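I opened the model and kept notes while looking up single residues and then the whole chain. The entries follow in the order in which I made them.

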Amino acid sequence: MSLLGKAAVAMWWSVSREQRSEFGDWHSHEHFPERMSIPGFRRGSRWTSTLDPDGFFVLYELEQYETLTSKGYLDRLNAPTPWSTKMMPHHLNMVRSQCRIVASFGGGIATSLATIRLSPLANRAAELEQALGETLQDLALRPGLTGAHLLITDTPKSSATTEQRIRGSDRAADWIVLLSGYDPDVVHGVIANRLSVAALHLQGAEGESATGHYRLALTMTPQDVAPT
(Lines give C-alpha, C1' and ligand atoms only; values in the text may rest on other atoms or scores of the structure.)
Protein backbone atom coordinates (compact mmCIF):
# COMPACT_ATOMS: atom_id res chain seq x y z
CA MET A 1 0.00 0.00 0.00
CA SER A 2 2.08 2.91 -1.26
CA LEU A 3 1.08 6.08 0.57
CA LEU A 4 -0.19 8.93 -1.58
CA GLY A 5 1.31 12.37 -1.04
CA LYS A 6 3.79 13.75 1.45
CA ALA A 7 1.75 14.05 4.66
CA ALA A 8 -0.90 12.18 6.63
CA VAL A 9 -3.26 12.30 9.57
CA ALA A 10 -3.03 9.08 11.59
CA MET A 11 -5.67 8.44 14.28
CA TRP A 12 -6.49 5.77 16.79
CA TRP A 13 -9.62 5.71 18.94
CA SER A 14 -12.30 3.50 20.45
CA VAL A 15 -16.05 3.46 19.90
CA SER A 16 -18.35 1.72 22.34
CA ARG A 17 -20.36 -1.22 21.05
CA GLU A 18 -23.59 0.70 21.57
CA GLN A 19 -22.41 3.38 19.11
CA ARG A 20 -20.69 1.19 16.50
CA SER A 21 -23.63 0.86 14.09
CA GLU A 22 -24.31 4.60 13.90
CA PHE A 23 -20.58 5.33 13.85
CA GLY A 24 -20.09 3.10 10.80
CA ASP A 25 -23.02 4.73 9.00
CA TRP A 26 -21.86 8.28 9.77
CA HIS A 27 -18.17 7.68 9.09
CA SER A 28 -18.78 5.84 5.81
CA HIS A 29 -21.60 7.91 4.32
CA GLU A 30 -20.99 11.43 5.61
CA HIS A 31 -17.58 11.90 7.21
CA PHE A 32 -15.34 10.12 4.68
CA PRO A 33 -17.01 11.77 1.67
CA GLU A 34 -16.72 15.13 3.43
CA ARG A 35 -13.00 14.67 4.05
CA MET A 36 -12.36 13.40 0.53
CA SER A 37 -13.97 16.55 -0.88
CA ILE A 38 -11.26 18.72 0.73
CA PRO A 39 -8.56 19.79 -1.73
CA GLY A 40 -5.33 17.94 -1.01
CA PHE A 41 -6.92 14.82 0.50
CA ARG A 42 -5.78 11.87 -1.63
CA ARG A 43 -7.11 8.79 0.19
CA GLY A 44 -8.76 7.76 3.44
CA SER A 45 -8.87 4.32 5.03
CA ARG A 46 -10.58 2.95 8.13
CA TRP A 47 -9.31 -0.15 9.87
CA THR A 48 -10.97 -2.27 12.54
CA SER A 49 -8.80 -3.66 15.33
CA THR A 50 -8.41 -7.43 15.44
CA LEU A 51 -7.27 -7.28 19.08
CA ASP A 52 -9.56 -4.65 20.64
CA PRO A 53 -13.29 -5.04 19.85
CA ASP A 54 -13.78 -1.28 20.24
CA GLY A 55 -10.64 -0.08 18.45
CA PHE A 56 -10.17 1.69 15.12
CA PHE A 57 -7.32 3.18 13.12
CA VAL A 58 -7.95 5.83 10.45
CA LEU A 59 -5.42 7.22 7.99
CA TYR A 60 -5.82 10.23 5.71
CA GLU A 61 -3.14 10.61 3.05
CA LEU A 62 -2.50 14.20 1.98
CA GLU A 63 -0.92 15.69 -1.11
CA GLN A 64 1.25 18.19 0.80
CA TYR A 65 2.09 18.96 4.41
CA GLU A 66 0.48 22.38 3.91
CA THR A 67 -2.90 20.66 3.47
CA LEU A 68 -2.96 20.33 7.27
CA THR A 69 -3.32 24.11 7.62
CA SER A 70 -5.28 24.77 4.44
CA LYS A 71 -8.46 26.82 4.53
CA GLY A 72 -10.47 23.92 3.13
CA TYR A 73 -9.44 21.59 5.97
CA LEU A 74 -9.66 24.12 8.79
CA ASP A 75 -13.08 25.26 7.62
CA ARG A 76 -14.32 21.69 7.96
CA LEU A 77 -12.71 21.21 11.37
CA ASN A 78 -14.30 24.39 12.67
CA ALA A 79 -17.79 23.82 11.24
CA PRO A 80 -18.73 20.19 11.94
CA THR A 81 -22.09 18.99 10.71
CA PRO A 82 -24.84 18.25 13.25
CA TRP A 83 -24.17 14.53 12.82
CA SER A 84 -20.43 15.02 13.34
CA THR A 85 -21.13 17.14 16.43
CA LYS A 86 -23.20 14.26 17.80
CA MET A 87 -20.58 11.60 17.03
CA MET A 88 -17.35 13.36 18.05
CA PRO A 89 -17.84 12.82 21.82
CA HIS A 90 -17.96 9.07 21.14
CA HIS A 91 -14.36 9.06 19.83
CA LEU A 92 -12.77 7.71 23.02
CA ASN A 93 -9.05 7.75 23.90
CA MET A 94 -8.21 9.67 20.74
CA VAL A 95 -4.61 9.69 19.49
CA ARG A 96 -4.35 12.05 16.50
CA SER A 97 -1.05 12.72 14.76
CA GLN A 98 -0.43 15.13 11.90
CA CYS A 99 2.59 13.71 10.13
CA ARG A 100 5.16 14.00 7.42
CA ILE A 101 5.69 10.83 5.39
CA VAL A 102 9.44 10.25 5.51
CA ALA A 103 9.64 6.75 3.98
CA SER A 104 7.08 4.78 1.96
CA PHE A 105 7.64 1.52 0.11
CA GLY A 106 5.30 -0.87 -1.67
CA GLY A 107 2.14 -0.70 -3.72
CA GLY A 108 -1.48 -1.84 -3.85
CA ILE A 109 -4.27 -1.89 -1.28
CA ALA A 110 -3.80 -4.23 1.66
CA THR A 111 -6.33 -6.01 3.84
CA SER A 112 -4.14 -6.37 6.95
CA LEU A 113 -2.29 -3.59 8.75
CA ALA A 114 -0.07 -3.24 11.80
CA THR A 115 0.75 0.09 13.41
CA ILE A 116 3.64 0.80 15.76
CA ARG A 117 3.84 4.01 17.78
CA LEU A 118 7.39 4.63 18.99
CA SER A 119 9.94 7.32 19.86
CA PRO A 120 13.70 7.56 19.24
CA LEU A 121 16.19 7.50 22.07
CA ALA A 122 17.91 10.80 22.78
CA ASN A 123 20.58 11.53 20.14
CA ARG A 124 19.71 8.44 18.09
CA ALA A 125 16.92 9.79 15.85
CA ALA A 126 19.05 9.91 12.68
CA GLU A 127 20.34 6.39 13.33
CA LEU A 128 16.85 5.03 13.89
CA GLU A 129 15.43 6.75 10.80
CA GLN A 130 18.16 5.28 8.60
CA ALA A 131 17.78 1.79 10.08
CA LEU A 132 14.00 1.84 9.72
CA GLY A 133 14.24 3.07 6.14
CA GLU A 134 16.46 0.15 5.19
CA THR A 135 14.31 -2.38 7.06
CA LEU A 136 11.02 -1.11 5.66
CA GLN A 137 12.31 -1.03 2.08
CA ASP A 138 13.27 -4.69 2.40
CA LEU A 139 10.04 -5.73 4.09
CA ALA A 140 7.77 -4.18 1.44
CA LEU A 141 8.93 -6.79 -1.08
CA ARG A 142 8.52 -9.84 1.16
CA PRO A 143 5.85 -12.49 0.41
CA GLY A 144 2.66 -11.75 2.35
CA LEU A 145 3.40 -8.02 2.61
CA THR A 146 2.50 -5.08 0.39
CA GLY A 147 3.86 -1.93 2.02
CA ALA A 148 5.98 -0.48 4.81
CA HIS A 149 6.05 3.17 5.84
CA LEU A 150 7.48 5.59 8.37
CA LEU A 151 5.61 8.72 9.48
CA ILE A 152 6.93 11.34 11.88
CA THR A 153 4.56 13.67 13.71
CA ASP A 154 5.06 17.36 12.97
CA THR A 155 2.09 19.17 14.49
CA PRO A 156 1.36 22.51 12.79
CA LYS A 157 1.16 25.60 14.95
CA SER A 158 -2.55 26.35 14.99
CA SER A 159 -5.35 26.91 17.46
CA ALA A 160 -7.55 24.09 18.71
CA THR A 161 -10.41 23.45 16.32
CA THR A 162 -14.11 23.06 17.10
CA GLU A 163 -13.91 19.29 16.53
CA GLN A 164 -11.02 19.03 18.99
CA ARG A 165 -12.92 21.00 21.62
CA ILE A 166 -15.93 18.71 21.21
CA ARG A 167 -13.78 15.58 21.65
CA GLY A 168 -11.64 16.95 24.46
CA SER A 169 -7.87 16.63 24.64
CA ASP A 170 -6.30 14.54 21.87
CA ARG A 171 -2.98 12.81 22.41
CA ALA A 172 -0.40 12.45 19.65
CA ALA A 173 2.01 9.73 18.62
CA ASP A 174 5.66 10.54 17.90
CA TRP A 175 6.96 8.21 15.18
CA ILE A 176 4.67 5.75 13.40
CA VAL A 177 5.50 2.59 11.48
CA LEU A 178 2.82 1.09 9.22
CA LEU A 179 3.17 -2.43 7.85
CA SER A 180 0.53 -3.72 5.42
CA GLY A 181 -0.02 -7.07 3.80
CA TYR A 182 -2.37 -9.63 2.33
CA ASP A 183 -1.41 -12.32 4.85
CA PRO A 184 -2.09 -11.33 8.47
CA ASP A 185 0.07 -14.15 9.78
CA VAL A 186 3.08 -12.72 7.97
CA VAL A 187 2.31 -9.24 9.29
CA HIS A 188 2.10 -10.60 12.85
CA GLY A 189 5.34 -12.51 12.37
CA VAL A 190 7.29 -9.46 11.25
CA ILE A 191 5.98 -7.41 14.17
CA ALA A 192 7.03 -10.17 16.55
CA ASN A 193 10.54 -10.39 15.10
CA ARG A 194 12.14 -7.74 12.87
CA LEU A 195 9.92 -4.96 14.25
CA SER A 196 9.68 -6.19 17.84
CA VAL A 197 10.27 -3.87 20.79
CA ALA A 198 13.70 -5.46 21.31
CA ALA A 199 14.70 -5.11 17.65
CA LEU A 200 13.59 -1.48 17.50
CA HIS A 201 15.43 -0.71 20.72
CA LEU A 202 18.67 -1.99 19.18
CA GLN A 203 18.12 0.35 16.23
CA GLY A 204 17.68 3.40 18.46
CA ALA A 205 14.08 3.39 19.69
CA GLU A 206 12.97 3.79 23.28
CA GLY A 207 12.07 0.59 25.06
CA GLU A 208 8.32 1.21 24.96
CA SER A 209 6.09 1.14 21.89
CA ALA A 210 2.40 0.59 21.17
CA THR A 211 1.42 -1.96 18.53
CA GLY A 212 -1.97 -2.56 16.96
CA HIS A 213 -3.29 -5.01 14.35
CA TYR A 214 -6.17 -4.18 12.02
CA ARG A 215 -8.24 -5.35 9.06
CA LEU A 216 -9.50 -3.04 6.34
CA ALA A 217 -13.07 -1.77 6.75
CA LEU A 218 -13.26 0.99 4.12
CA THR A 219 -11.07 2.96 1.77
CA MET A 220 -12.08 6.00 -0.27
CA THR A 221 -10.51 8.50 -2.67
CA PRO A 222 -11.89 11.77 -4.04
CA GLN A 223 -12.95 9.87 -7.19
CA ASP A 224 -15.34 7.83 -5.05
CA VAL A 225 -17.30 10.88 -3.89
CA ALA A 226 -20.44 11.63 -5.86
CA PRO A 227 -20.52 15.18 -7.22
CA THR A 228 -22.86 17.53 -5.36
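In which strand is Ala10 found? I looked it up and found Ala10 in strand E1. I note here that the model is a predicted one.

**Entry: Ala10**

I checked the accessibility of Ala10 next. Its relative accessibility is 0%, so Ala10 counts as buried, the cut-off being under 20%. I then listed what Ala10 touches, leaving out residues up to four places away in sequence: Phe57, Val58, Leu59, Val95, Arg96, Ser97 and Ile176. I also took one C-alpha distance, from Ala10 to Cys99, and got 7.4 Å. These two residues are 89 apart along the chain.

**Entry: Ser14**

I stayed in strand E1, which covers residues 7-14, and went to Ser14. Ser14 has a relative accessibility of 14% and counts as buried. Its contacts, not counting residues up to four places away in sequence, are Asp52, Asp54, Gly55, His90, His91, Leu92 and Asn93. I followed two of these contacts, Asp52 and Asn93.

**Entry: Asp52**

I found Asp52 in the loop that runs between strand E2 (41-49) and strand E3 (55-62).

I placed Asn93 in strand E4 (residues 92-106). I read phi of Asn93 as near 55°, a positive value in a residue other than glycine. For background, most residues other than glycine have a negative phi.

I noted a positive phi for Asn123 as well, near 70°. Where does Asn123 lie? Asn123 is in the loop between strand E5 (112-118) and helix H4 (125-139). At 82% relative accessibility, Asn123 counts as exposed.

**Entry: Gly133**

I moved on to helix H4, where Gly133 is found. Gly133 has 16% relative accessibility and counts as buried. I took the C-alpha distance from Gly133 to Phe105 as 9.1 Å, for two residues 28 apart along the chain.

**Entry: Gly212**

I located Gly212 in strand E8, residues 210-220. Gly212 counts as buried, with a relative accessibility of 9%. Which residues does Gly212 contact, leaving aside its neighbours within four places in sequence? I found Leu113, Ala114 and Thr115. I also took a C-alpha distance from Gly212 to Leu77, which is 135 residues away along the chain, and got 27 Å.

**Entry: helix H1**

I looked at helix H1, residues 20-36, and found a kink of about 40° centred on His27. His27 is itself one of the buried residues of H1. I listed the others as Phe23, Gly24, Trp26, Ser28, His31, Phe32, Pro33, Glu34, Arg35 and Met36. For reading such a list, an α-helix has 3.6 residues a turn, so residues three or four places apart point the same way.

**Entry: the whole chain**

I ended with totals. How many helices and strands does the protein have? I counted 7 helices and 8 strands. The radius of gyration is 17 Å, close to the 17 Å that the globule rule gives for 228 residues, so the protein is as compact as a globular protein of that length. Along the principal axes, the C-alpha atoms fill a box of roughly 50 × 35 × 30 Å.

I found that 50% of the 228 residues are buried. Of the contacts between residues at least 6 apart in sequence, 84% join residues at least 24 apart. I put the accessible surface at about 10400 Å², with 51% of it belonging to carbon and sulfur atoms. Last, I looked up the charges: there are 21 positive and 24 negative ones, and their mean positions are 3 Å apart.

Technical notes: Residues are numbered from 1 along each chain as its sequence is written. This is a predicted model: local features need pLDDT of at least 70, side-chain atom pairs count only at pLDDT 80 or more; totals for chains, interfaces and linings use all residues. Side-chain values use heavy atoms; hydrogens and water are left out. Helices (H or I, at least four residues) and strands (E, at least two) are DSSP runs, numbered from the N terminus. The radius of gyration is taken over C-alpha atoms; the globule rule is 2.2 Å times the number of residues to the power 0.38. Buried means under 20% relative accessible area, exposed over 50%, partly exposed in between (1.4 Å probe, protein chains only). Contact means heavy atoms within 4.5 Å. Accessible areas come from the Shrake-Rupley method with a 1.4 Å probe; for residues, only the protein chains shown count as cover. Lys and Arg count as positive and Asp and Glu as negative; His and the chain ends are not counted. The place of a charge is taken as NZ of Lys, CZ of Arg, CG of Asp or CD of Glu. The bend at a residue is the angle between axes fitted to the seven residues ending there and the seven starting there.
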